[in-house]
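Visitor: Could you walk me through this structure, one question at a time?
Guide: Gladly! Here it is.

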Amino acid sequence: MSFTDDINRFTAKVRVTSLESLVNVASAVKSSITDGSPVTGSPGQPVDTGTLKASWILEFDSPTSARISTNVAYASAIEDGIGSHGPMTLRSPTGGFHSVKNTVLGFSRLVASVVGGTTGRGGAP
Amino acid sequence: MIDTLDAQLAFRARCEALVIATTGATYLAATATGYTRADGSFLDDGFESGMEIVPATFVTNTVGVIATVTDTEIVTFGARTSEAEGAERSIVAGLPTSRAWENENFTGTTNTPYVEEDFLMQPSGLQSFPAHGGSLLETGLYVLKWYGLSGVGVRGLRRSVAGLLARFTPGTVITVGDASLRVRGSLTESGPYAGQMIRVDGGWTAIAVTIPWRAESINAVVS
């Protein structure tokens, strides 16, 4: 065993841990948007036919970036709770509005809670 | 913990104090279709189509909505009562007078802008020891949805929303009882922003303004 071997092993470990962290964080972000999260306070997507909730997809553009998106035209209106005849009434027993906003603003907490588990060093509650 | 009712009312009060455009006290006349002026400029004062205006010191001070505007004339939706030019009159555009405050019954009126609010709390967390007496961090969002008129262009709604955002810039402090609430926004956390212009049924086009905030207070553990 040489110092070079040690460095190579450490580098490989960092690479694997980084990928694992990206996958876990991205999955947690998607879950916060679709199902809600006690970490971010996001309520998740409201459900009627299930079309909007099922439309959110997670894609990995590169080893260091991920994208969560939906192609549903009314997603913005649901996110902001913008109704056509006054305040929008939530008729779904689950979910709510502002899930993306809450997820974005709670992102650092989400990362801390997920990465702590990835590294085994106990993340934020 | 902060008083969430006081916090929500404090946000409302700050929105209600918004002035987007004003003539100031000046010589103004009312016509059958709107308002005119001999000096100054309505455009320079910041008025745009779609803005709701509140006249003052006229004999009749009915709130109206601008259909078209030039330097010297505002044409409103709906008729006005003619009045000869008089002094110390003003026209002000600010937060729409129709307001769908949270948990209040509300139905929008055709050709009348309105706003709607959402006040959200996010999970809180202790920042220091001990639990009792430690620093508690609370965060949340104040979302104000501005429903402007459809078909009048972007200028009125964009200028209105910009004026609202200017009252909630990152670092703005809002006093809530004995505590202070601060508008968030830095290189590492999102600040206030206006969403996409969304056209909806009923003749409105809406923009949601999101204001993230944080508050620190002394945590109290109740036995």
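Guide: A term to start with: buried means under 20% relative accessible area, exposed over 50%, and partly exposed in between, with a 1.4 Å probe and protein chains only. This is a predicted model, in which local features need pLDDT of at least 70 and side-chain atom pairs count only at pLDDT 80 or more, while totals for chains, interfaces and linings use all residues. Residues are numbered from 1 along each chain as its sequence is written, chains are lettered from A and ligands numbered from 1 in the order in which they are written, and side-chain values use heavy atoms, leaving out hydrogens and water.

Visitor: Is A:N102 buried or exposed?
Guide: A:N102 sits in helix α4 (residues 99–105) of chain A, where helices are DSSP runs of H or I, at least four residues, numbered from the N terminus. Its contacts (heavy atoms within 4.5 Å) beyond four places in sequence include A:T40 and A:P43, and also B:L120, B:Q122 and B:L141 from chain B. Because its relative accessibility is 1%, A:N102 counts as buried.

Visitor: And how does A:I57 count, buried, partly exposed or exposed?
Guide: A:I57 belongs to strand β1 (residues 57–62) of chain A; strands are DSSP runs of E, at least two residues. Leaving out residues up to four places away in sequence, A:I57 touches A:K30, A:R67, A:I68 and A:S69. Its relative accessibility is 39%, so A:I57 counts as partly exposed.

Visitor: What area is buried between chain B and chain A?
Guide: The size of an interface is often given as the accessible area lost when the parts come together. Here that loss is summed over both parts, with a 1.4 Å probe. The contact takes 29 residues from chain B and 22 from chain A. Carbon and sulfur atoms give 58% of the buried area, which is about 1,900 Å².

Visitor: Which residues of chain B lose the most area to chain A?
Guide: Three residues together account for 24% of what the chain B side buries. They are B:Q122, B:P123 and B:I198.

Visitor: Which residues touch the most other members of the largest nonpolar core?
Guide: A nonpolar core is a set of buried Ala, Val, Leu, Ile, Met, Phe, Trp, Tyr and Cys residues joined through side-chain atoms within 4.5 Å. The largest one has 42 residues, and strand β16 (residues 204–218) of chain B gives the largest share, five residues. Those touching the most other members are B:F11, B:F47, B:W146 and B:L181.

Key
Buried area is the accessible area (1.4 Å probe) that two parts lose on being put together, summed over both.
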